[in-house]
Amino acid sequence: MSEMFCFQCEQTAGGKGCTRSGVCGKKPDIARLQDEITAGLITLARALDGKTACPGCESLFMDALFMTVTNVNFDDADLIAMRDRIQRAIGTCGGATAFNPDDLFHGDQDVVSLRSTLLFGLRGMAAYAHHARVLGKTDPEVSAWFQKGMKALGDDHSVEAWLGLILEFGSVNLKCMGLLDAANTETYGHPVPTPVSTGRDKGPFIVITGHDLHDLKMLLEQTAGKGVNVYTHGEMLPAHAYPELKKHPQLKGNYGTAWQNQQKEFDGLPGVVLYTTNCIMPPKPTYAGNLYTTAEVGWPGVAHIAADAAGHKDFSALIAHAIQLGGWQAEVKGEPLLTGFARNAVLSVADKVVAAVKSGAVKHIFLVGGCDGARLGRDYYTEFVEKAPKDTLILTLACGKFRFNHLQAKLGDIGGIPRLLDMGQCNDAYSAIQVAVALSQVFGCGVNDLPLTLILSWYEQKAVCILLTLLALGIKNIRIGPSLPAFLSPTVLNVLVEKFGLTPIKTADEDLKAILG
Ligand code: SF4
Ligand code: SF3
């Protein structure tokens, strides 16, 4: 019997499942705790039985699910504390028949596949709901759906009923991404196109990675006037485009590339790194002492900064540590990266885009977005963008963009519109959807009739919830890679292919030819 089973991310062992240890570094004891947390949430949902959860239980669903996303928390102490919190909540809510963690990924292959698809989607949405909540935004329907979804995972359903639940979830996740969009834009303003330096300034610095803009804001407020610079990393790059964040002069630029290169990029760095979400990789001993985690992120032995009861985080230890490390000794110049083309910025030039499409100057729009990862097959995305004809626009989002965002200048522009438009983080798929809907209204057609194709790269569960949203919106013929999710059984995959035309990527040449004819 295997010691663990996990197949929630794209790098799962042998394309089937991690059974002895996770490719991500997850050990069987951590996998077991994650299963116990998941089973506990199903039991808690049963105990609540559709009653409105108290605010404590409401955030418990979000935070516990967020904690089980790939590359978020590897610290058994954190997971044990979460598991026990859930058990106490079950008791307070009057108890219920316990769901057995061993039943999560066992049984009929198609049922396991459908249950896993919904569970992984819920995990992804939990991260977004968490980021919105820390900025004071919640939505009763989104909050309640965590409970509804977790309860459903423990019940029996027909295949049709499972698919119905999964698509209903996709619609709720659209609401959740909208909630986070509202939280970010109402707090920090609408992103504006912004060139971001990839150079280095002399002096002490902190690198902040992950998705949480509220953490970045607190860090910027606390580093003000201290002679400590702040650099974004990975999914934090689009933060530079928000007026209320970019106004801080010590927010200097972006360091490094996507998450899978961190063991190289953080080794020997004369500064500290703050992780606000996924993706944390096993740190090398050479730099583990310079790392800090916050929110649901955890690694054993790595310092954790928790929020106080009012949500405030004290980053003084990090700041002092950065000063002590001294930072970079010399200035280095770097080519800027352009970000900030979220829905407001793109829609403000919508008339130009529409005119360019009508005149034939823009023949096709590609959304090449999603996660990055370590697999060689991910070169496809660089090649696709490089080979896309000059009369095509490329929208991008999430960390997959680090495969090609350095090509910005080379890709050029069409009548003043840059050909590569960085819309933001993965949750800014919401922005892309708004743009697609607006264009379809202008052209008086459906989104599927637009000269627009989605080329997605997936790695972890936030990509799963986004994919389910796109399917719930009826968006067809999405290409996905670098490999198909292992948790899709042949039957379930068949349904997605037949109903939605979901297509695995082939080669850049073949796909471009098939799409453009
Ligand atoms: Fe394996 Fe991915 Fe699960 Fe880690 S999260 S154990 S790599 S499937
Ligand atoms: Fe990247 Fe981890 Fe998914 Fe938010 S940060 S997209 S992989």
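Predicted model: local features only at pLDDT ≥ 70, side-chain atom pairs only at ≥ 80, totals over all residues.
The largest pocket has a volume of about 570 Å³, and the largest cavity holds about 550 Å³ of space. Asn-278 is one of the residues nearest the centre of the second largest cavity.

**Domains**

**Largest pocket**

- The volume of the largest pocket is about 570 Å³.
- Its lining is made of 27 residues. Nearest the centre are Asp-63, Ala-295, Glu-296, Ala-306 and Ala-307.
- Five elements each supply two or more lining residues: α2 (55–67), α3 (76–92), α4 (109–133), α7 (213–223) and β7 (303–305).
- Helix α3 has the largest share of this lining, with four residues.
- By class, the lining of the largest pocket holds 11 nonpolar, seven polar and nine charged residues.
- Where does the largest pocket lie relative to the domains? Domain 1 and domain 2 both contribute lining residues, so the pocket lies between them.

**Largest cavity**

- The whole structure contains 10 cavities of 30 Å³ or more.
- A total of 49 residues line the largest cavity. Leu-454, Leu-456, Ile-466, Leu-467 and Leu-470 are the closest to its centre.
- Helix α17 (residues 461–472) gives the most to this lining, eight residues.
- The lining of the largest cavity counts 42 nonpolar residues, against four polar and three charged.
- Both domain 1 and domain 3 give residues to the lining, so the largest cavity lies between these two domains.

**Second largest cavity**

- The second largest cavity has about 150 Å³ of space.
- Its lining has 19 residues, with Glu-235, Trp-259, Asn-278, Cys-279 and Cys-399 nearest the centre.
- Nine of the lining residues are nonpolar, eight are polar and two are charged.

**Asn-278**

- Asn-278 sits in the loop between β5 (272–275) and α10 (285–288).
- Is Asn-278 buried or exposed? The relative accessible area of Asn-278 is 3%. The cut-off for buried is under 20%, so Asn-278 counts as buried.
- The side chain of Asn-278 has a polar contact of 2.8 Å with the side chain of Lys-462.
- A polar contact of 3.4 Å links the side chain of Asn-278 to that of Glu-460.
- Leaving out residues up to four places away in sequence, Asn-278 touches Val-69, Thr-70, Asn-71, Val-72, Gly-210, His-211, Glu-460 and Lys-462.

Methods:
Residues numbered from 1 in each chain as written. Chains lettered and ligands numbered in written order. Heavy atoms only, no water. 1 Å grid on protein atoms, 1.4 Å probe; cavity = no way out; pocket = protein on both sides within 12 Å on 5 of 7 lines; lining within 4 Å. Points joined across faces, edges and corners; volume = space filled by probe spheres on them. Nonpolar A, V, L, I, M, F, W, Y, C, P; charged D, E, K, R; others polar. Domains from an automatic or database assignment. Buried < 20%, exposed > 50% of the residue type's maximum accessible area, 1.4 Å probe, protein only. Polar contact = N/O pair within 3.5 Å; in protein donor to acceptor, adjacent residues only side chain to side chain. Contact = heavy atoms within 4.5 Å.
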